[in-house]
Amino acid sequence: MDEHPALPAQTPSNAVTLRFLASPTDLGHSGSVDAGTVLEWVDKAAYAAAVGWAKTYCVTAYVGNIHFADPVVVGDLVEVEATIVHTGTSSMHIRTVVSSGSVSGNDGGKRSECLVIFVAVGPDGRPVPVPAFVPATDDERLESEHAVARIGVRKEIVEEMRRQEYTDAGTAERTVLRFLAAPTDVNWGGKVHGGTVMDWIDEAAYVCSTRYCGLDTVAVFSGGVRFLKPLRIGDVVEVEARLVYTGHKGMHVAVHVRSGSPTSREMALTTTCLTVMVARDDEGTAVPVPPWVPRSEEDHRLHEHARNLLLIRSRAPGAILPTHLRVATG
């Protein structure tokens, strides 16, 4: 991380901790560090933990539910801790925690936490086995059990999202960003950083939600971030964000990332995600948003899809859904 040089940290072999100052270039449209930048940090820390464990190149496969609590402020001392808590044959489940506070150390705290899954791959790009992680303490066993327990819920979320179709029959607010993947987006494997893709997702969701409510918005949750195919440098990238559900304050935005060669009109789906945005007043307080009323058959189906995702996530171990994520009654 050239832009955020990390200081050495004393951590176990299954963990990596990056420490750096949030710089002025990290300032986002929200007045603090945007969710997309935090997700980039998460991806980089988890990648470092993954390659350190697997001793080979690794790719981001999935990012689980991440709630954004108090914002990270420019000038904060940031700590991103990534810890391997479970391994499959070629996968590594990595618990990632972002904390920050002033350099004085008087106001630090956890800002976000999520589970990231990386897969180890060989020179041919195919998955390769990784050493098994064996929990050695009660805390490690508990974390491993939680990771295993989430596998079933994650499969339900993936299947629920996979079954949906998004066509021009939808009438909800929709935003499409298009651009070329730049050389500065490259990762260590010659493809686009998973964290960069998540930053694009955050930008598209911001534009979509802000246009819908006419107010400044900020991400409070991202989930079901599934990486299906790699994006290549020089590809045409299309990031589509569509409103699918509104709660009292939260706007649920489904985001799909597609890419393809500039010489072809074919675009392949590479990443899917659902992000929840909230509107804020001038003081930064979350405020209610106009309810979105489904009109077409597709609107109603996607509206029900968003509610189904909320119900599935409510069954995750230890799940406590914030108000903006709860299903409206009636």
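For this tour, Ala, Val, Leu, Ile, Met, Phe, Trp, Tyr, Cys and Pro count as nonpolar, Asp, Glu, Lys and Arg as charged, and the others, Gly among them, as polar.

Welcome! What you have open is a predicted model. Start by colouring the chain by pLDDT: the average is 89, and 92% of the residues score at least 70. Now select residues 7–12, where the pLDDT is below 50. Beyond near neighbours in sequence, this stretch has 7 contacts in the model.

Next stop: the second largest pocket. Select Val59, Thr60, Ala61, Phe227 and Pro230, which lie nearest its centre among the 34 residues of the lining. Around them is about 650 Å³ of space in this pocket. To see what surrounds the second largest pocket, show helices H1 (35–54), H2 (138–162) and H3 (194–213) together with strands S2 (58–63), S6 (109–120) and S8 (216–227); each gives two or more residues to the lining. Colour the lining by class and you will find 19 nonpolar, 8 polar and 7 charged residues.

On H2, select Val153, Glu156, Ile157, Glu160 and Met161; on H4, select His305, Asn308, Leu309, Ile312 and Arg313. This contact has 5 nonpolar, 2 polar and 3 charged residues.

Conventions: Residues numbered from 1 in each chain as written. Predicted model: local features only at pLDDT ≥ 70, side-chain atom pairs only at ≥ 80, totals over all residues. Heavy atoms only, no water. 1 Å grid on protein atoms, 1.4 Å probe; cavity = no way out; pocket = protein on both sides within 12 Å on 5 of 7 lines; lining within 4 Å. Points joined across faces, edges and corners; volume = space filled by probe spheres on them. Helix = DSSP H or I, 4+ residues; strand = E, 2+ residues; numbered from the N terminus. pLDDT = per-residue confidence, 0-100. Contact = heavy atoms within 4.5 Å.
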